[in-house]
Amino acid sequence: SLRLADSTGAMTDSLRAVVDSLRLLRADSARADSLADSVAVLRGSLKLFGLETFRRATTRFQPSQAGPVDENYRLGPGDVLVLILTGDVERSHTLTVTREGFIVIPQVGQMYVANLTLGQLEDQLYNRLSRVYSGVRRGPDARTRFQVSLARLRMIQIYVAGDVVRPGAYQMSSAGTVLTALYAAGGPTTNGSFRQVEIRRGRALVDSLDLYDYLLRGANPTDIRLQTGDVVFVPVHGAYASVAGKVIRPAIYELRPNETLRDAIAFAGGFDPSAVQTRVTIHRILPAESRGPGGRARVVVAVGAEQFAGGVAPAVPMVPGDSVTVYAVANRQRGFVTVRGNVWVEGEVGFTPGMKL
C-alpha cells in the first residue's frame, strides 16, 4: 500500500484520489506507473528521465507490412518478393521465401536467399537471370532489365524480459527494431536501465543500446536487426543522480561509470538563462567504505567559480545518489535610477558614469 501524508499527518484530497486509483489498478502496471508519476507531480518531486516516453499512447512503432526497407534488411522465410522483367522480356513474378530459405523463379530455378540483403540478392540475380535471358546485363546497353522489391514482410517472434512494464513474447514485423519491442512492452520500469538495453541471441550478447542516444539526440545507433527467438533484456538500472534548480530539464538521470557533473548538466539540457553558472552544490551520500566508524554519511560538495570555464560545468566525478542543485541569480537589481513625477514615461533608467539629470 502507498501512504502519503502532508506535514500535519493528514492526506490531501488530491493525493488520496490518486492513491485510491493506484490500488484499483494494481494489475495494470503501466497505468499504475502513470498514476505514480502523477503522485510525484503532486508532491513536487523530480521525475525519472525517459519514463514518460514509453508510457504515452502510441502506435507502438509497428512497422508497415508493405513498403520500402533499409539497405541492411536481410531476407528470411516468409518474406514475399516481386521480380519484374522489362525490355525484350516482359514478365512479373511473385516469389515467397520458403522455410528452407529458397525462392523459385519460373524458367530460372531455385535460389537460396536467406540472410541476403537486397543488394546482395540483386548481384546474384544478375548472374542467374543472364543464363536464361541473354539481354540481362549490367550497363546502359542491357536489352532486358529487372527490378526486385519486397511486397510483404515476414513476422517474427521476440521476447522482452527484465525490468520492463509488460515482459513476455511479442510478434512483430521483421523490419522492427529494439525500440519497436520496447514500445510494445511499455518500456523500462522505474527499476530498469535506460543505458544498457541488451539484445541476446541464444547465449550470446550481440549488441546493447543506450536509450539516452535516442531520448536526447534522436539517434538509434544499433544496426542489429532482430531475429526470431531474440531476447531484448532490460537489466536493473545503474547509478542515479538528480539535477534540480535552474537547468532546462530538471530530472533524475542514470549515469554510466566515469560520467561526471558535466555530463549530468548536459543531460539536463544545460543551464537556464537565470542560473548562476559559477556555482553548483552536490549533496552526496558517502559510500559505506568511506564513512568510517561513527563517521558522517552525508556531505555537501561545493563546486566554485574557479572550476568553471566559460559557463561550462567541470568534469567533477559523480557518486551514486548525488543530488545536484543549480542556483538562480539574485533578484536584486543595480545600476539604475528611478524617474517619477511630471514626465511622459515614469520608471527606471539605466545608470552610466557621468550621467546628468
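Reader: What is a nonpolar core, as the term is used for this model?

Author: The model is a predicted one. Here a nonpolar core is a set of buried Ala, Val, Leu, Ile, Met, Phe, Trp, Tyr and Cys residues. What joins the members is side-chain atoms within 4.5 Å.

Reader: Which residues touch the most other members of the largest nonpolar core?

Author: In soluble globular proteins, nonpolar side chains tend to be buried together. The largest such core here has 51 residues. Helix H5 (residues 178-184) contributes the most to this core, namely six residues. The members that touch the most others are Leu211, Leu261 and Ile265.

Reader: What is leucine 261 in contact with, leaving aside its neighbours within four places in sequence?

Author: Contact is counted for heavy atoms within 4.5 Å. With neighbours within four places in sequence left aside, the partners of leucine 261 are Val280, Ile282, Val303, Ala313, Pro314, Val316, Met318 and Val324.

Reader: Where is aspartate 79, and is this residue buried or exposed?

Author: Aspartate 79 sits in the loop between helix H3 (51-55) and strand E1 (80-87). A residue counts as buried under 20% relative accessible area. Aspartate 79 has a relative accessible area of 0%, so the residue is buried.

Reader: Which side chain makes a polar contact with the side chain of aspartate 79?

Author: A polar atom of the aspartate 79 side chain lies 3.0 Å from the backbone nitrogen of glycine 76. Residues that aspartate 79 touches, beyond four places away in sequence, include Tyr73, Leu95, Arg154 and Ser174. The side-chain to side-chain polar contact, at 2.5 Å, is with arginine 154.

Reader: Which backbone oxygen lies 3.1 Å from a polar atom of the side chain of arginine 284?

Author: Arginine 284 belongs to strand E13 (residues 275-285). Its relative accessibility is 14%, and therefore arginine 284 counts as buried. Among the residues arginine 284 touches, beyond four places away in sequence, are Val299, Pro317 and Asp322. The backbone oxygen in question is that of proline 317.

Reader: Which residues form the covered face of E3?

Author: In a regular strand the side chains alternate between the two faces of the sheet. The uncovered face of E3 has Phe102 and Val104. The covered face has Ile103 and Ile105.

Reader: Which residue takes a positive phi in the hairpin of E3 and E4?

Author: E3 and E4 pair in the antiparallel sense over four bridges, and isoleucine 103 stands opposite methionine 111 in E4. The hairpin has three residues between the strands. Most residues other than glycine have a negative phi. The residue with a positive phi, near 70°, is glutamine 107.

Reader: Is asparagine 258 buried or exposed?

Author: Asparagine 258 is in the loop between strand E12 (251-255) and helix H7 (261-267). Its phi is positive, near 75°. The cut-off for exposed is over 50% relative accessible area. Asparagine 258 has 78%, so this residue is exposed.

Terms used: Residues are numbered from 1 along each chain as its sequence is written. This is a predicted model: local features need pLDDT of at least 70, side-chain atom pairs count only at pLDDT 80 or more; totals for chains, interfaces and linings use all residues. Side-chain values use heavy atoms; hydrogens and water are left out. Buried means under 20% relative accessible area, exposed over 50%, partly exposed in between (1.4 Å probe, protein chains only). Helices (H or I, at least four residues) and strands (E, at least two) are DSSP runs, numbered from the N terminus. A polar contact is a pair of N or O atoms within 3.5 Å; within protein, one must be able to donate a hydrogen and the other to accept it, and residues adjacent in sequence count only if both atoms are side-chain atoms. Two strands pair if DSSP finds at least two bridges between them.
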